[in-house]
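Dear colleague,

I am handing over the structure below, and my notes on what was found in it follow.

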Amino acid sequence: MKSTQYTTAVLSFLLIACFAGSAVVEHKMEQLRPAATLEEVLYIPSSKVVKRMSVGFEALVADIYWTRAVQYFGAKHIENANQYKLLYPLLDMATDLDPHLIPAYEFGSVFLTQPPPRGAGEPLKAVALLQKGIRQNPDSWRLYQGLGFIYYMELKDYPAAGEAFAQGSKIPGAHPFLKVMAARTLQTGGDYLTAQMLWQAIYESFSDGLIRDNALKHLRALQVDREVLQLEALARAYAARTGHLPAGFNELVAVHVLRSVPRDPLGYPYELLPDGHVMVKFYRELPFITQGLPPGQQPSDLDLSTQGK
Amino acid sequence: MTRRIACIASNTFREAVRDRVLYNLILFVLLLVGSAVLFGQISLEIERIVVINLSLTSISVFGVVIAIFIGIQLVSKEIEKKTLYTVLVRPVRRWEFIVGKFFGLVETLAVNTFFMALGFYAALFYVSRGLHKSDLNILLAIYFIVLQFVIITSLALLFSSFSTPIFSAIFAFALFVIGTFADDLKNFAALTEGATHWLITGVGYLLPNFGSLNVIGAVAHDQPVSLALFVHNSLYAALYSCAAVCGAALIFERRNLK
Amino acid sequence: MPAIEILGFQKNYTVGFWRKKQRTGLKPLSLSIESNEVFGFLGPNGAGKTTTIKLLMGLIFPSAGSARILGMDWRDPKVKSVIGFLPEQPYFYDHLTAPELLEYYAGLSGVPASERKRRVAAMLERVKLSDVGKLQLRKFSKGMLQRVGIAQAILHDPQVVVLDEPMSGLDPIGRREVRDLIQGLKDDGKTIFFSTHILADAESLCDRVGVIHKGELRGVGVVSELVTSAENANRTEVLWNGATTAIAAVESAGAECKLHGQTAHAILPVARLDRVLEIIHSHRGQIISVTPLRSTLEDYFIQQIGEKPQSALEVSR
């Protein structure tokens, strides 16, 4: 019957057109919407209320908050915003709902601590979070490791760091590394090798992609810092001997001071500047370095590295 | 054509209103709103926030339950009771029937929401010792909630055009829950790659997205809602529900009414 | 031009989830119904009466075949304004009153707003429901619902009225009322097509009947002719006491006899009545009764269905 065919055609067309339209509008809205505010993401800021409402599904709700924390941080990380207001509340909420959500504590310990733009820059909050975690999970030696790390790296409180590592090492099943760290931090505190060991430990013991990537970047930065200082010392020694700074590393290779032109962890050759400073070729690809930056460049710049995640 | 649709719509509205079950649900919501006032007294500084959050959430959830409840009955009940037969043998097109039902139900939900909103504002008045200018903002949140109802209703209608009442209700409610977490679904899609990514993203667009329609948190903190959001949300709800209703009509045109 | 022409309507259903099987709901059925005729569609439960009607009304779609109503294709939207339909055992919107319901239908059928109230009042009066006032339909009795149903079917003054089991579930008074309504519709010049399994109603109302069984149309005929051409046409029943010896002679005169104790029972063609009475007299039998047998539609019906009755005696009871 003609009219039924006509009706079917019109309805089908409308269906497809409207659906396509709705998808377009939805897509546009995603770009329009402001980044989720604290309220939107937390929804209800009091964990007591949330807990009551979750009624048995706390773990699930905790996971949702935790997922949002990861996503939120991931998105903010890419945007390089300078504030991570939400990170602590999200992690706090998630761990209130599920006190045994170890990954949340660990994540927080790393990314709450680091200064912006690569972290929230709130080491004290990270400490608070970890201490909460330790209270709820006294058998988790990794939380002690995290705590010690923060005290050592950010707060430079070596006795506290040593204490944390020592406590952690007493837990059966703890990585023997913790004992070593306890000793080292109490003894030395502040040296390059310790830092390298700490970051190496993080890199090896965590499975989270973001955390590992972060640790890798730190290890590279440590390597660069050390190598740049060594190369600069080498250049100064040469200048003392010959009366002039080398024109480039090729000169040092020619006189067999160096075997070959030295390369940074990314494989690019270091550059020797006329004033004796050593510079990396692509400083943007090597976040966290404090040495080897171009003249006038401050260490805490935008992380525009394209390597890794 | 419009006359017949209007006829069906107002009849649907009348039938729904006289059905006493509705009143029970509204009463329940009002009770919940009242209890929100008590709830808020847990911590004074967020009393207003909790009242708004809890009340609007209740209105939202129970409104959806009502929408699904009546929505499912739209077609299924009519077939069961054979009222449908006497309508369809008149000069009424099948699609006109579906559209009329849809508008009748939206009308019902709007009126319901109106009463629930009244109750809510009463509670708010009590808690805030008066009404403030920012309370008008909440109307927008309520409007967005109504848009959610419209979308869910269209989906309930779609399902009841071919499925049994129980399954239609389950699917519709499931879509409401998923729609509320649509943002998390999109986050998840962003993590995947390749074919999975396209598949999940496609599903994300297919399912209703209530993320931007949910501004309950924002208005609880007296944050303004942008005009652009208002326009886009309205457009989205209109387009999406139109698509669902078209789907319902298409299926219904072909259905053998046993 | 016939009012309704069904041209080979067929309906198959696929049953089963994995191994799909075809089940036949309706075998190809062709039927013609004349204008201003009352046509009864007879059949046992599950025969396919409702399926045929639903196909005709466009509520389900045929696997094959077509139909014409008043010359138009049965799917034509214009057809809907000239037919009225009452489904089987209808309920209506629980919470409406009868006038509200009828006004709703009137609106849908395109009765102008100015006309509606008057038309509704007239209909309610015709089906004798003028005094129901504000009573909600969920409080109506079966008979009242049936009458409301007929009211909504004729509200828009259709030429053709289709009723599915209009008398089902009614008490004798209710059935009488519906019968009178249908007769009234015929007097108005309308064509009525209704289905039923109550043969007595069909016999008194219909001009023609069609018998359907197991999805197949078995026969169509004019009622007045059918009733006389069935097997038991022109037969008489005679009962007498004593004279059991007469039985053999009576049987040879062409009757069927049975003996119940002292009472003998014979069924014979009317033409043989005098002869048989003579035989009984001569054997000194005592006549109890002589009753002419009128054949009923029931006989035709059962014949068409193909189940032969045990004996004519049982059928006539």
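Which residues does B:I152 touch, not counting residues up to four places away in sequence? In this predicted model, where local features need pLDDT of at least 70, side-chain atom pairs count only at pLDDT 80 or more, and totals for chains, interfaces and linings use all residues, B:I152 touches B:V64, B:A67, B:I68, B:A172 and B:F176, a contact being two C-beta atoms, placed from the backbone, within 7 Å. Residues are numbered from 1 along each chain as its sequence is written, while chains are lettered from A and ligands numbered from 1 in the order in which they are written.

A second, separate core of 56 residues includes A:M93, A:L101, A:F107 and A:L198; a nonpolar core here is a set of buried Ala, Val, Leu, Ile, Met, Phe, Trp, Tyr and Cys residues joined through C-beta atoms within 7 Å, and buried means that 20 or more other C-beta atoms lie within 10 Å of a residue's own. The largest nonpolar core has 153 residues, and B:I152 is one of those that touch the most other members.

In chain C, six strands (DSSP runs of E, at least two residues) form an open sheet of mixed pairing, in the order β6-β7-β8-β3-β9-β10, where pairing requires at least two DSSP bridges. Strands β6 (83–86) and β10 (216–222) of chain C stand at the edges with a single partner strand each, so one side of each is left without a neighbour in the sheet. Strands β3 (residues 38–42) and β8 (residues 191–196) of chain C pair in the parallel sense over five bridges, and C:V38 has C:I192 as its bridge partner in β8(C).

Best regards

Terms used: Buried ≥ 20, exposed ≤ 12 C-beta atoms within 10 Å, placed from the backbone. Helix = DSSP H or I, 4+ residues; strand = E, 2+ residues; numbered from the N terminus.
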